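Q: Could you guide me through a close look at the domains of this model and at the parts that touch one another? I am new to the structure and would welcome one connected account.

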Amino acid sequence: MSYLPHTPEQVASMLRTIGAPSLEALFAGIPGGDRLHRPLELPGPMGEIALSGLADAVAVRNRSARDLACFLGAGAYDHFIPAVVDALAGRAEFVTAYTPYQAEASQGSLQAFFEFQTLICQLTGMDVTNASLYEGSSAVAEAIMMSLSGSDRDGPVLMSPYLHPHHGEVARTCLANLGTKIETIPSASDRIDLACLGSRVSESTPCVVVQHPNILGNLEEVHEISRLCKEKGALFIVCYNPVSLGVLGRPGDYGADIAVAEGQGLGSPLAYGGPYLGLLSCRSALMRKIPGRLVGQTVDRRGKKCWVLALQTREQHIRREKATSNICTNQGLYALRAAVHLAALGPAGLRETALACMSKARETVEHLRAAGAGEPLVEHPWFHEFVLRLPPSSPTADRVVEMMVEKGFLAGFPLGRWYAGRERDLLVAVTEKRTSAEIASFAESLGRLARGV
Amino acid sequence: MDKNQSAGLLFEIGQPGRRCHAIAEASGVDAAAMIPGRFLAESPPPLPELSELDIVRHFTNLSTLNMAIDCNFYPLGSCTMKYNPKRHERLVGSHRFAEQHPLQPDSTCQGTLGVLHEMERMLAEIAGLDACSLQPSAGAQGELTSLLVAAAWFRHRGVARSKVLIPDSAHGTNPASAALAGFQAVGVKSTAEGLVDMEDFAAKLDDDVAVFMITNPNTLGLFEPNIRRIADMVHARGGLVYLDGANMNAILGIARPGDFGADMMHFNVHKTFTGPHGAGGPGSGPIAVRAMLEPFLPMPRILAGSDGTFGLDENRPLSIGRVRSFHGNIGVILRGYFYIRTLGAEGLANVSRHAVLNARYLRSLLAGLIEIPGPDNGLHEFVASARNLRREKRVSAMDIAKRLLDHGFHSPTIYFPLVVPEALMMEPTETESPETLEAFAKALGTILAEDPEILRQAPHSLPISRPDEVKATKEPVLRWKAD
């Protein structure tokens, strides 16, 4: 099988035009010693029928969030994606286009990205949004880089202990050779200790990075954190959950300087972790430090409103080693998916999604309590995810997750993998997709396992 | 019909109270009963309010304003805009791939993990290197990841090195990645053909050079004849050679970077292995390295057990750490996997043979029409120059590019590489037929015979013509606002 259109006669005729005796002769420019003189060791070719069979054989060794009712979140959530998202973002004119460098041939994508930028500004209350980054963790790392660029603040970046651990690890990887340290703000209460933050943030702090709702599902006192940052002139970087903004206050309204997010909940399938969508927005004052592509409005030579890539002098193809970031290819198609998703939800649909997540999560908490599955740690205000502390009679959370697969559930994330000493804590997320029957059955199964019966 | 006007902006077509997606179960749920008021918004975000048909018509009309591989020949140099097989879309759409949570127990992902492990081995074989990481989200992140791996390798051995040498014909991501990895980017001159200027290279190579980054074949489609000597010289000084794999479509199964001296490289799955480009992504930029660098690769690593099972390993003390959340752009990697499995070894070599055949054929067809500097033994792409046309007729590369759009052809890459004035860089890829290439050549011939004024005003038949890019940057309007 191949996707080559050439007939043997055409190949022969083309070679005659070129003046080459054979296809092999086309590679005469490669020194013989640099050539590979054997076939690659790869499995043999296959037609579409055999390939479909291969894919099926792989798929049966997988189980999905459709096979197993999903109460697992921890940074990726099983939200419903309306069919219009797949239908529209799946159009070949969007899927098979290149980066819109030629504006005249790309107005469809450019306008859609401008609308995406606007929708995310409306969602967050921020002034400027770029045309996407890879995913949530690199968005956090890029936000930190923005805070360091041109800053004379030489203290450590202050980071919440309840930021998604992947975000923190990626930031550490990216800063490894750049001379800036990251300090985690100590806390023992499953949310930021404001007194401790207040004592650490100083005139040398470039930024404070906080996730709200945090990785344990708890809400942070963002107004107070914002005030503490402003007092010392440190930039406040918040990592938000886009779906939560159906009910929670917006980053722009509580004073965030840079708002970043994993945008997966806006129309990206779970897809075993990617492609996802990195969201980054900021205040106007930081506009020229923003990484990656920006689409701007302008007029054409006839005065007609249109869209182009803007402020490209920040970018690597112009600025090279002085660019604000090295990003080139971003997540264009997934920004489009998010735009269609937000358009389909609208303000009321987004609010209903958030409310349904919250009420179903609370329904789950009630059922878990009634089933004797342990103690949900919900003393702080929280959104749609919570820690379930399994009773002493229970196997560890790691084991419980494995055993719950057999009962038909993705039960949650065993927190001991991220926080030493929390081997009995299970992080449980509930989305609008879960039914009352699934919730009841989940609690009952988990209760039985936890009680050891 | 002017579809651009009929579409309007999403924000200009709604009505307060109009709905599309709704969740009836949420009615009557009171947020204030669950969360203290200080956390709540007074009202939901001011998003547009639209019907499903509003949305469908809007985005469908927008889509028709794009050129795309499925509609047009797209000879963008360095971008490898080949056909994206439909079968991949169907296969990755299965819920057993599309609806897997990244933190599911490994026991429930054995199919995917096995495929990813096999993909790593296949890419290592194509690269002629030993180990592979599928983590990086795109080519630029592959570069950065590799340079971080190199930095960690030097640090582990107690060697301090501060410089990365980069030919000035390289993509801008190379120096940008070097700076982010904490290195000083040092430019090396190129010859007129974009090859490494050996004299300048030798002068700049010293014991402080950590990595030499090279794109081979280069951005003019030429294989670097001195690559082995260059690699030997870098190695003799204790440095590493990095290959930017943007142009791998030219040498699949023909030559392997590991065999000609590279110690590490990235692939662009969205170019070489035909992940659709999506108007700017997602990409996927796996890296391959020599065995000595393997302990430093990012986490997690995929482990194959002796019992035929697979798992994710995060216990890697020498690893540079995590470069992104979860495990990579899996959807793109799966498409690349299905592509390689479809073609096999001979099929991949045929990709490169026909990619080069098409480029050389197109070059022959254009040779009488426009200046094509540089030798004619290039591979998958070539660069034409409009410098004579600019001087004689005041017609620029930009004018030609814009006029080609009127003929239904996407323009070549223009003004890159910088070593060729008025550059038009063309990469036809292997999936185009000779008839298409002939039609393109004919169109170019017609264009070059036209009144230059027509070219300067082009395009004439597209929704817009010659946007004011200076205005877009001087008076940036980056979002819609209500009047």
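**Domains, contacts and local detail**

A: In chain B, the domain assignment gives domain 1 (3-63), domain 2 (87-342) and domain 3 (344-469); such bounds come from an automatic or database domain assignment. This is a predicted model, in which local features need pLDDT of at least 70 and side-chain atom pairs count only at pLDDT 80 or more, whereas totals for chains, interfaces and linings use all residues. Residues are numbered from 1 along each chain as its sequence is written, while chains are lettered from A and ligands numbered from 1 in the order in which they are written.

The C-alpha centres of domain 1 and domain 3 of chain B are 44 Å apart. Chain A is divided into domain 1 (69-79 + 346-451) and domain 2 (83-342), and the C-alpha centres of these two domains of chain A lie 28 Å apart. Their contact (C-beta atoms, placed from the backbone, within 7 Å) takes 23 residues from domain 1 of chain A and 22 residues from domain 2 of chain A. On the side of domain 1 of chain A that touches domain 2 of chain A, the elements giving two or more residues are helix 11 and strand 12 (385-389) of chain A. Helices (H or I, at least four residues) and strands (E, at least two) are DSSP runs, numbered from the N terminus. Helix 11 of chain A supplies the largest share of that side, six residues. By class, that side of domain 1 of chain A has 15 nonpolar, five polar and three charged residues; Ala, Val, Leu, Ile, Met, Phe, Trp, Tyr, Cys and Pro count as nonpolar, Asp, Glu, Lys and Arg as charged, and the others, Gly among them, as polar.

Between the chains, the contact takes 165 residues from chain A and 172 residues from chain B. Helix 11 (residues 332-370) of chain A gives the most to the side of chain A that touches chain B, with 21 residues. That side of chain A comprises 90 nonpolar, 47 polar and 28 charged residues.

Helix 12 (residues 397-407) of chain A has the buried residues A:Ala397, A:Val400, A:Val401 and A:Met404. A residue is buried if 20 or more other C-beta atoms, placed from the backbone, lie within 10 Å of its own. What covers these buried residues includes strand 13 (409-410), strand 14 (413-414), strand 15 (425-429) and helix 13 (436-451) of chain A. Just after helix 12 of chain A, A:Gly408 takes a positive phi of about 100°.

How values were computed:
Buried ≥ 20, exposed ≤ 12 C-beta atoms within 10 Å, placed from the backbone. Contact = placed C-beta atoms within 7 Å.
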